[in-house]
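Have a look at the sequence and the fold, and then we'll stop at a few spots.

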Amino acid sequence: FTGHTIASVMIRDIHEEKLAELDILARAEKDGMTGVYNRATAEAMIERVFRVSRNEALTLVITDIDKLKTINDSMGHMQAIRELATLLKTYFRPNDIVGRYGGDEFILLLRNTHNRMRVEKVLETLVERIGNIRLGEKDETRLRVSMGAAMGNTGMDTYELLLRKADKALYCIKGDR
């Protein structure tokens with residue numbers, strides 16, 4: 001031992017590899033057709049909100065495309081689902097959660113929703129905007145949806161409870177149509 005320190009250093013740029021990894025992770029979290037979160041990711045994110053937030057007012061919404069069979073028979077359902085997903089992604093705030101729940105259903109978690117009248121106005125405006133979406137080669141069909149919503153608070157309610165309530169509200173609405 002001579003008392004001298006010898007070091008070897010190798011520097012390698014892994015920026016591109018990290019970007020590729022992040023891209024793979026992002027694609028695994030998203031629904032391939034719509035670009036919104038897939039069901040598993042949306043549910044995991046919603047459950048996390050319920051675990052870590054204390055006394056946060058939330059609104060859980062389930063939305064379902066009306067008369068999808070008619071749309072599907074005339075122009076294919078993919079256009080309707082994609083158009084709805086695009087609107088949902090841009091309509092809500094970044095901290096809200098938008099996911100494709102399955103088929104033509106989407107699940108939404110709206111955060112910090114203390115004011116019931118404000119939530120109702122937001123959802124009414126959303127329904128109006130959805131009604132402005134036109135489908136088909138000649139824009140002959142308006143997109144229509146049914147929504148069920150349930151309001152609650154973390155610490156007092158659970159995701160499962162709000163999901164049941166929103167689902168029940170959705171089917172009450174669909175029964176009226």
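Predicted model: local features only at pLDDT ≥ 70, side-chain atom pairs only at ≥ 80, totals over all residues.

Start with T34, which you'll find in the loop between α1 (15-29) and α2 (39-52). Is T34 buried or exposed? Its relative accessibility is 6%, and buried means under 20%, so T34 counts as buried. Now follow its side chain. It makes a polar contact with the side chain of D31, at 2.7 Å, and it also reaches the backbone nitrogen of V36 at 3.3 Å.

Next, turn to the largest pocket, which holds about 260 Å³ of space. Which element gives the largest share of its lining? That's α5, with six residues. Both α5 (116-131) and β6 (145-153) supply at least two residues each. Among the lining residues you can pick out T59, R116, L123 and M147. By class, the lining of this pocket splits into seven nonpolar, one polar and three charged residues.

The second largest pocket has a volume of about 210 Å³. It is lined by 13 residues, and R93, D96, T113, R118 and V122 are the closest to its centre. Here β3 (105-111) and α5 are the elements that give two or more residues to the lining, and α5 has the largest share with three. The classes in this lining come to five nonpolar, four polar and four charged.

Notes: Residues numbered from 1 in each chain as written. Heavy atoms only, no water. Helix = DSSP H or I, 4+ residues; strand = E, 2+ residues; numbered from the N terminus. Buried < 20%, exposed > 50% of the residue type's maximum accessible area, 1.4 Å probe, protein only. Polar contact = N/O pair within 3.5 Å; in protein donor to acceptor, adjacent residues only side chain to side chain. 1 Å grid on protein atoms, 1.4 Å probe; cavity = no way out; pocket = protein on both sides within 12 Å on 5 of 7 lines; lining within 4 Å. Points joined across faces, edges and corners; volume = space filled by probe spheres on them. Nonpolar A, V, L, I, M, F, W, Y, C, P; charged D, E, K, R; others polar.
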